[in-house]
Amino acid sequence: MRRLLLIAPLLLFTVGCGVVPSSEGEATDAAREAARHAGEVLYGQRPRTAEEVGRSASGIDGVEVMRVMGTSTHDGDGIDVIVRTSGSAYNEWSDAQEVTVRRCFAVRVSPKSEWREDPRDVDCPEGPPLTFAPPPQPPQLPYEKLRAKLPRVPEGGRVDETEVRRTLAALDLDPAIHTQVKADDGRVGVLLSVKGNGFDPQDCLLARVSPGATEVWVPSRIQRMPGEGGCSVANALDPMPAPH
């Protein structure tokens with residue numbers, strides 16, 4: 001009986017040690033969680049190219065982009081980004097010091113992706129992490145120049161649409177800036193805009209030349225959201241009420 005009593009604590013100790021997770025496993029779980037966080041940051045319905053996704057992923061703290069596969073988020077199965085992350089763990093019973101691992105995971109970016117979708121374990125590609133050039137900056141809309149150059153028409157005068165168009169042509173605008181001019185009821189409305197992505201507020205500038213008043217303004221952020229109609233020549237001629 002005494003022998004059995006001595007063996008029992010040993011068995012409990014052995015079983016207990018058997019269920020203690022390894023530090024390497026815990027560190028790998030931490031690396032996987034970092035990759036899952038990257039997936040959360042990249043998650044979204046907005047169409048993006050492989051370069052855009054890769055550039056965004058490379059800007060996430062603790063993430064190295066090793067490979068980007070696919071052309072755009074909305075083509076086929078979307079884009080797979082292979083990221084390399086690290087994780088650390090320490091078990092005072094088995095480790096002399098903290099254990100750190102570096103692991104690679106495939107993160108899918110697609111409108112079909114699920115929120116907090118589990119990244120897939122993959123082998124790390126050879127070679128250094130990818131680097132991405134800064135995104136091209138959209139042209140600045142010439143608010144001050146437009147306000148200074150548009151014609152001023154006195155009260156009772158007549159607004160000349162041709163003169164307004166001539167003024168815009170003389171501004172030598174960037175080709176990426178779309179212009180639209182429309183005359184209505186003795187006024188001329190002007191729209192300058194830069195193509196948006198269909199999800200974020202669009203950059204645009206409105207102006208209206210009327211007898212006695214020439215105005216230039218940027219619509220509110222809410223009005224510049226897709227589908228709100230703020231970036232339109234109609235809004236230049238007859239401005240929407242300010243949002244409450």
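Modeller: Two strands pair if DSSP finds at least two bridges between them. Helices (H or I, at least four residues) and strands (E, at least two) are DSSP runs too, numbered from the N terminus. This is a predicted model, so local features need pLDDT of at least 70 and side-chain atom pairs pLDDT 80 or more, while totals for chains, interfaces and linings use all residues. Residues are numbered from 1 along each chain as its sequence is written, and side-chain values use heavy atoms, with hydrogens and water left out.

Biologist: Let's get our bearings, then. How many helices and strands are there in the chain?

Modeller: Walk along from the N terminus and you pass the elements α-α-α-β-β-β-β-α-α-β-β-β-β-α. Counted up, that gives 6 helices and 8 strands.

Biologist: Which residue in β2 stands opposite V65?

Modeller: β1 and β2 (residues 79-89) run antiparallel, with 5 bridges joining them. Look across from V65 to β2 and you land on V83.

Biologist: Staying with α3, which of its residues are buried?

Modeller: Buried means under 20% relative accessible area, exposed over 50%, and partly exposed in between (1.4 Å probe, protein chains only). The buried residues of α3 pack against α2, β1, β2 and β3. They are A50, V53, G54, R55 and A57.

Biologist: Back to the strands. How many bridges join β2 to β3?

Modeller: These two strands run antiparallel. The bridges between β2 and β3 number 11.

Biologist: And which residue in β4 is the bridge partner of F105?

Modeller: β3 and β4 also pair in the antiparallel sense, over 3 bridges. Cross from F105 to β4 and its bridge partner is D121.

Biologist: Now the rings. Which residues form the aromatic pair?

Modeller: Rings of Phe, Tyr and Trp (its six-membered ring) pair if their centres lie within 6.5 Å; planes under 30 degrees apart count as stacked, over 60 as edge-to-face and the rest as tilted. A search of the whole structure turns up 1 such pair. With 5.4 Å centre to centre and 75 degrees between the planes, it is edge-to-face, and its members are Y43 and W115.

Biologist: Is W115 buried or exposed?

Modeller: Y43 has a relative accessible area of 36%, so it counts as partly exposed. For W115 the value is 51%, and because of that W115 is exposed.

Biologist: What is the phi of D172?

Modeller: D172 lies in the loop between α5 and β5. At 68% relative accessibility, it counts as exposed. Its phi is positive in a residue other than glycine, near 55 degrees.

Biologist: Where is D185, which has a positive phi too?

Modeller: Its phi is about 55 degrees although it is not a glycine. D185 has a relative accessible area of 70%, so it is exposed. You'll find it in the loop between β5 and β6 (187-194).

Biologist: One more loop residue: how far apart are the C-alpha atoms of P175 and V194?

Modeller: P175 is in the loop between α5 (161-170) and β5 (177-184), and with a relative accessible area of 81% it is exposed. V194 is 19 residues away along the chain, and the C-alpha separation is 9.7 Å.

Key
Contact means heavy atoms within 4.5 Å.
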